[in-house]
Amino acid sequence: MEEFAASVVQLGQEIYAIDQQMVRSFLIVGTKSALCLDAGVSKADFTGLIRSVTDLPVSCCLTHTDGDHTANLDSFSRIYIHSDELPLLKQEQCAAGAEIIPVVEETCFDLGDIALKVVSCPGHTPGSIALLDEKAGILFSGDTVSYGPVYLFGGHRDPEKYMKSLLKLRTMAERGIFNTVYPSHNICPVSADIISDLIECAMGIKDGSLKGRPAEMGRPGTEDVMLYTYGKCGIYR
């Protein structure tokens with residue numbers, strides 16, 4: 001596996017990114033515990049990076065199980081994952097004896113002065129989730145929302161469910177439940193307005209009004225993948 005240097009970047013008073021060249025995990029630190037959201041794209045001293053920020057107890061929650069989010073799962077003794085994502089979790093990536101705990105919609109992580117609620121948003125993968133800090137108006141979106149390009153090709157992707165998830169998230173944003181998005185890729189943070197561009201992109205792919213171009217990703221099995229763009233957003237399909 002290719003190795004990417006990891007660094008800690010403070011994004012807010014209690015929010016840190018463990019950044020590995022535009023693939024980032026998040027460390028959210030409360031008054032009584034901390035949560036690491038995802039586990040990186042390649043092996044790194046995640047324990048050391050986390051301990052450079054906090055000595056509080058730390059668990060890991062996965063937004064989904066794609067390999068660029070799971071490389072350091074063996075750093076954690078407690079791992080939270082959506083129940084629909086469990087079949088895709090590679091047990092050999094986890095530490096021996098690690099506790100694997102399923103989560104569902106509305107599962108809440110109480111870190112002290114920070115509460116993070118699970119928002120189910122399948123499509124990118126069957127059990128993709130985001131985490132919502134409603135008090136701060138922040139959505140930690142995993143791969144569901146970003147300038148992308150968002151991967152919707154290959155196994156386990158479901159464009160119809162992805163569209164429903166985007167519509168659900170846009171409704172939440174329109175109701176003022178969150179206004180800022182912290183994605184795992186590309187620019188961070190971004191405005192919730194990005195969700196509308198992703199919806200237009202997904203709709204344009206579905207109805208044929210958007211024309212794609214070869215993605216030219218240079219990896220086996222991606223020769224037929226097309227890149228579709230709308231506004232600043234993109235989707236690989």
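User: Which residue stands opposite F140 in β13?
Analyst: Y182 of β13 stands opposite F140. Keep in mind that this is a predicted model.

User: How do β11 and β13 pair, parallel or antiparallel?
Analyst: Parallel, over four bridges. β11 covers residues 138–142, and β13 covers 180–183.

User: What about β10 and β11, parallel or antiparallel?
Analyst: That pairing is antiparallel, with three bridges. β10 spans residues 129–133. L132 sits opposite L139 in β11.

User: How many residues lie between the strands of that hairpin?
Analyst: Four. In this hairpin of β10 and β11, G137 has a positive phi near 70°.

User: Is β11 buried or exposed?
Analyst: Buried. Five of the five residues of β11 are buried, so the strand is largely enclosed by the rest of the structure.

User: Which residues go on which side?
Analyst: I138, F140 and G142 are on one side, with L139 and S141 on the other. All are buried, so both faces of β11 are covered. In a regular strand, side chains alternate between the two faces of the sheet.

User: Changing topic. Which strands form the open sheet, and in what order?
Analyst: Four strands, in the order β12-β17-β16-β15. The pairing is mixed.

User: Which are the edge strands?
Analyst: β12 (150–151) and β15 (213–214). Each of these pairs on one side only.

User: How does β12 join β17?
Analyst: Through two bridges, with the strands running parallel. β17 is residues 233–236. V150 is opposite I235 in β17.

User: Are the faces of β17 covered or open?
Analyst: Covered, both of them. C233 and I235 are buried on one side, G234 and Y236 on the other.

User: Back to α3. At what angle does it pack with α2?
Analyst: At about 150°, with the axes 10 Å apart. α2 is residues 159–174 and α3 is residues 194–207. Angles over 145 degrees count as roughly antiparallel, so α2 and α3 are roughly antiparallel to each other.

User: Is the crossing left-handed or right-handed?
Analyst: The crossing of α2 and α3 is left-handed.

User: Which residues make the contact?
Analyst: From α2, they are E160, Y162, M163, L166, L167, L169 and R170. From α3, they are I195, S196, L198, I199, A202, M203 and K206. By class, the contact has 10 nonpolar, one polar and three charged residues.

User: Where is A192?
Analyst: In the loop between β14 (190–191) and α3.

User: Why does A192 count as buried?
Analyst: Because its relative accessibility is 10%, and buried means under 20%.

User: What is A192 in contact with?
Analyst: Leaving aside neighbours within four places in sequence, A192 is in contact with A173, F178, N179 and V181.

User: How far is A192 from I138?
Analyst: They are 54 residues apart in sequence and 9.2 Å apart in space, C-alpha to C-alpha.

User: Now the backbone. Where are there cis peptide bonds?
Analyst: One runs from G148 to P149, with omega near 0°. P149 lies in the loop between β11 and β12. Another joins C188 and P189, with omega about -5°. P189 is in the loop between β13 and β14.

User: Which residues other than glycine have a positive phi?
Analyst: D38 is one of them, with phi near 80°. H156 is another, with phi near 75°.

User: Where do they lie?
Analyst: D38 is in the loop between β4 (34–37) and α1 (46–51). H156 is in the loop between β12 and α2.

User: And D38, buried or exposed?
Analyst: D38 is buried, at a relative accessible area of 1%.

Technical notes
Residues are numbered from 1 along each chain as its sequence is written. Side-chain values use heavy atoms; hydrogens and water are left out. Axes are lines fitted to C-alpha atoms, for helices over the stretch in contact, and angles run from 0 to 180 degrees between N-to-C directions. Angles under 35 degrees count as roughly parallel, over 145 as roughly antiparallel, 65 to 115 as roughly perpendicular and the rest as oblique. A crossing is left-handed if the near helix is turned anticlockwise from the far one by less than a right angle, and right-handed if clockwise. Contact means heavy atoms within 4.5 Å. Ala, Val, Leu, Ile, Met, Phe, Trp, Tyr, Cys and Pro count as nonpolar, Asp, Glu, Lys and Arg as charged, and the others, Gly among them, as polar. Two strands pair if DSSP finds at least two bridges between them. Buried means under 20% relative accessible area, exposed over 50%, partly exposed in between (1.4 Å probe, protein chains only).
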